[in-house]
Amino acid sequence: MMQGLGARIARRSHASPLAGGIFSRGSCTKLFVGAAGLSYDTNEPVLKDAFCQFGDIIEVKVICDHVSGKSKGYGFVQFESEAAASTALNEMDGKSLDGRDIRVHYAQKRNGGL
């Protein structure tokens with residue numbers, strides 16, 4: 001049975017540094033979710049349910065291993081507007097989702113192929 005959103009998400013408070021290095025800032029509407037690792041039980045409907053309160057969502061994607069089909073522990077949420085993405089980033093970074101503290105950053109576009 002699915003728990004309510006309030007039971008699934010608990011507030012944590014800590015800063016959200018942007019990733020650096022070989023990455024450059026991508027779209028301001030696409031967020032990376034899970035630097036600390038999404039729960040392996042978190043699927044796309046759960047992720048969408050947690051983020052839809054901040055605005056209209058274009059796409060939600062939980063990245064899975066192509067062999068096992070299991071979540072790799074991270075995903076992406078793309079909003080229709082930059083304002084919705086910004087609000088979601090500020091509100092969701094550091095919260096607990098499905099028992100795991102999640103980190104939310106703007107999605108980064110890789111420079112080169114590593």
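What is the mean pLDDT of the protein, and what percentage of its residues reach 70 or more? With that settled, please describe the sheet and its packing.

Modeller: This is a predicted model, and its mean pLDDT is 81, with 73% of the residues reaching 70 or more. Over residues 10-25, however, the pLDDT is below 50, although this stretch has 40 contacts in the model beyond near neighbours in sequence. Where pLDDT is low, the predicted coordinates should not be read in detail.

Turning to the sheet, four strands form an open arrangement in the order 4-5-3-8, with antiparallel pairing. Its edges are strand 4, covering residues 57-64, and strand 8, covering 104-106, each of which pairs on one side only. On average, and with direction ignored, neighbouring strands of the sheet are turned by 25° against each other.

Helix 2, made of residues 44-51, lies across strand 3 (30-33), strand 4, strand 5 and strand 8, and runs at about 140° to strand 4. Helix 3, made of residues 82-92, packs on the sheet as well, where it touches strand 3, strand 5 and strand 8, its direction making about 150° with that of strand 8.

The side chains carry the description further, since in soluble globular proteins nonpolar side chains tend to be buried together. Here the largest nonpolar core has 22 residues, and those with the most contacts inside it are Leu31, Leu47, Phe51 and Phe79. Two or more residues come from each of strand 3, helix 2, strand 4, strand 5, helix 3 and strand 8, and helix 3 gives the most, with five residues.

Asp98, in the loop between strand 6 (96-97) and strand 7 (100-101), has a positive phi of about 55° although it is not a glycine. The side chain of Asp98 is joined to that of Thr42 by a polar contact of 2.7 Å, while the C-alpha atoms of Asp98 and Tyr40, which are 58 residues apart along the chain, are separated by 8.9 Å.

Notes: Residues are numbered from 1 along each chain as its sequence is written. This is a predicted model: local features need pLDDT of at least 70, side-chain atom pairs count only at pLDDT 80 or more; totals for chains, interfaces and linings use all residues. Side-chain values use heavy atoms; hydrogens and water are left out. Two strands pair if DSSP finds at least two bridges between them. Axes are lines fitted to C-alpha atoms, for helices over the stretch in contact, and angles run from 0 to 180 degrees between N-to-C directions. Contact means heavy atoms within 4.5 Å. pLDDT is the predictor's confidence in each residue, from 0 to 100. A nonpolar core is a set of buried Ala, Val, Leu, Ile, Met, Phe, Trp, Tyr and Cys residues joined through side-chain atoms within 4.5 Å. Buried means under 20% relative accessible area, exposed over 50%, partly exposed in between (1.4 Å probe, protein chains only). A polar contact is a pair of N or O atoms within 3.5 Å; within protein, one must be able to donate a hydrogen and the other to accept it, and residues adjacent in sequence count only if both atoms are side-chain atoms.
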